[in-house]
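Work through the exercises below with the model open. Each task is followed by its solution.

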Amino acid sequence: MIAQSAERVVSQFVDAGVLLVLVPLSVAALLLGPFVARWWRTTTLIATAALGSLGGVLAFTLGVRAITGGRREFVGSDFSWLTDSSVWRSAFDLDPSWLLNVLLFVPAGVFLSVALRRPIIVFLGLASMSFAIETIQGLTRLGTADVRDLVANTIGAAVGVVLASATVHRRAD
């Protein structure tokens, strides 16, 4: 039953529309990786992985619906999705969709923290990016602005930053 539920949730996110956005963003990451690596003073592999993980976040959250024209429920053009206390009660309801949102931000947290060596800035940047994505989804009807997604994405960013920090500190010892 859990496997069927997970398969249903994954199939909502991974389709031909994802590839329409993910492939060009991946190619852009490969092409820009060497230049960004010099700017960030890190390896090309880490810079490319960081850019690719950001591209994945954008592809799965905004890009697919922008290209395919898919529409979901419109919550409102204001910030009611953020201020409604009843919505916050379900912010930590664990289901496959919530867990996928967590996992979506973990690679970005890891690779950006390793590349930039500024974990707090990376965490704040990714949390801000999640807020911006949810706001854009609500304002443009490219998705549903959802507190659950904001919380899950922020937790994923935190997990990625912590994993990177633990790895870097372990290597230093």
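The model is predicted, so local features need pLDDT of at least 70 and side-chain atom pairs count only at pLDDT 80 or more, while totals for chains, interfaces and linings use all residues. Residues are numbered from 1 along each chain as its sequence is written, and side-chain values use heavy atoms, with hydrogens and water left out.

**Exercise 1.** Find which residues of the largest nonpolar core touch the most other members.

Solution. A nonpolar core is a set of buried Ala, Val, Leu, Ile, Met, Phe, Trp, Tyr and Cys residues joined through side-chain atoms within 4.5 Å; buried means under 20% relative accessible area with a 1.4 Å probe, protein chains only. The largest core has 21 residues, and Trp 40, Val 57, Phe 105, Leu 112, Leu 126 and Ile 133 touch the most other members. Two or more residues come from each of helices H2 (16-40), H3 (44-68), H6, H7 (119-140) and H8; helices are DSSP runs (H or I, at least four residues) numbered from the N terminus. H3 gives the most, 6 residues. Another core, of 12 residues, lies apart from this one and includes Trp 81, Trp 98, Val 110 and Val 151.

**Exercise 2.** Decide whether Arg 148 is buried or exposed, and list its contacts.

Solution. Arg 148 sits in helix H8 (residues 147-172). Its relative accessibility is 14%, so Arg 148 counts as buried. Leaving aside residues up to four places away in sequence, Arg 148 touches Ser 90, Ala 91, Asp 93, Asp 95 and Trp 98, where contact means heavy atoms within 4.5 Å.

Methods: Buried < 20%, exposed > 50% of the residue type's maximum accessible area, 1.4 Å probe, protein only.
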